[in-house]
Amino acid sequence: MANTKPSSTFLGISAGFTIGTEVATTSGTTADITSIPTGTKQIIISLVGVSWSSTNSSPTIILGDAGGFETSGYVGAGAQTASATSSSRTDSFALADTNRVAAADTLHGAVVLTLEDAANYTWVCRGMVGIAGSSDSVMFATGSKSLSAELTQVRLTTVGGDTFDAGAINVQYIG
């Protein structure tokens, strides 16, 4: 007997991520994805060839809701295989130990945000991004953050507000 269910469903659950619109990271100090719909349960932020013009940069992810980006209440740490230390932050999710990315480096990889508690808008972060360039290492990100409302936007930036000079980011999300 032939399967009569659409190929995008399994056991009655709709499958598939929606891919957002790519945002170039070739200028400016932030790259924002502001079109994440309410009801989203998981987000994958992809980085391809992202680079900054400054040496010793520290990339971070900031979450936002309809009220804007939130820069407090983060718990977690970022680390890098090139160093034996990690950095914790309370203003964002750190993608690396402090000041470990050189100006000529490019970042490639993904950060996954998963909704842990819908009532408190709590998100958990886990990510792994490779550095191609001076250190050829891997950066790790972990943490959690409760927002004041539903997540609708994410931002990639650096601790020092460095200027982008190459690459792009995009998101995939699922409700």
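This is a predicted model: local features need pLDDT of at least 70, side-chain atom pairs count only at pLDDT 80 or more; totals for chains, interfaces and linings use all residues.
Residues are numbered from 1 along each chain as its sequence is written, and side-chain values use heavy atoms, with hydrogens and water left out.

The chain contains 0 helices and 16 strands; these are DSSP runs numbered from the N terminus, helices being H or I of at least four residues and strands E of at least two. Of its 175 residues, 41% are buried, where buried means under 20% relative accessible area, exposed over 50%, and partly exposed in between, with a 1.4 Å probe and protein chains only. The accessible surface comes to about 8,300 Å², and carbon and sulfur atoms account for 54% of that surface; the areas come from the Shrake-Rupley method with a 1.4 Å probe, and for residues only the protein chains shown count as cover. Among contacts between residues at least 6 apart in sequence, 73% join residues at least 24 apart, contact meaning heavy atoms within 4.5 Å.

The largest nonpolar core has 34 residues, and the members touching the most others are Ile 43, Ile 45, Leu 63, Leu 107, Leu 113, Val 154 and Leu 156. At least two core residues come from each of β5, β6, β7, β12, β13, β14, β15 and β16, and β6 gives the most, with 5 residues. A nonpolar core is a set of buried Ala, Val, Leu, Ile, Met, Phe, Trp, Tyr and Cys residues joined through side-chain atoms within 4.5 Å. Beyond residues up to four places away in sequence, Ile 43 touches partners including Val 111, Leu 113, Trp 123 and Val 171.

Charged pairs also join separate parts of the chain. Side chains of opposite charge can pair when their charged atoms come close. The whole structure holds 2 salt bridges, each defined as a side-chain nitrogen of Lys or Arg within 4 Å of a carboxyl oxygen of Asp or Glu. In one, Arg 155 meets Asp 32 at 2.7 Å, N to O. Because Arg 155 lies in strand β15 and Asp 32 in strand β5, this pair ties together parts that are 123 residues apart in sequence. Arg 155 is partly exposed at 21% relative accessibility, and Asp 32 is partly exposed at 25%. Glu 70 forms a salt bridge with Lys 145, with the closest N and O atoms 2.8 Å apart. Glu 70 sits in the loop between β8 and β9 and Lys 145 in strand β14, 75 residues apart; both residues are buried.

Strand β15 spans residues 151-158 and includes Thr 152, which is buried at 14% relative accessible area. The side chain of Thr 152 reaches the backbone nitrogen of Ala 66 at 3.5 Å. Thr 60, in strand β7, is buried with a relative accessible area of 3%. Apart from neighbours within four places in sequence, its contacts include Arg 155, Leu 156 and Phe 93.

Gly 127 belongs to strand β13 and is buried at 15%. Its C-alpha lies 5.8 Å from that of Ala 110, 17 residues away in sequence. By contrast, Ala 104, in the loop between β11 and β12, is exposed at 68% relative accessible area.

Note on methods: A polar contact is a pair of N or O atoms within 3.5 Å; within protein, one must be able to donate a hydrogen and the other to accept it, and residues adjacent in sequence count only if both atoms are side-chain atoms.
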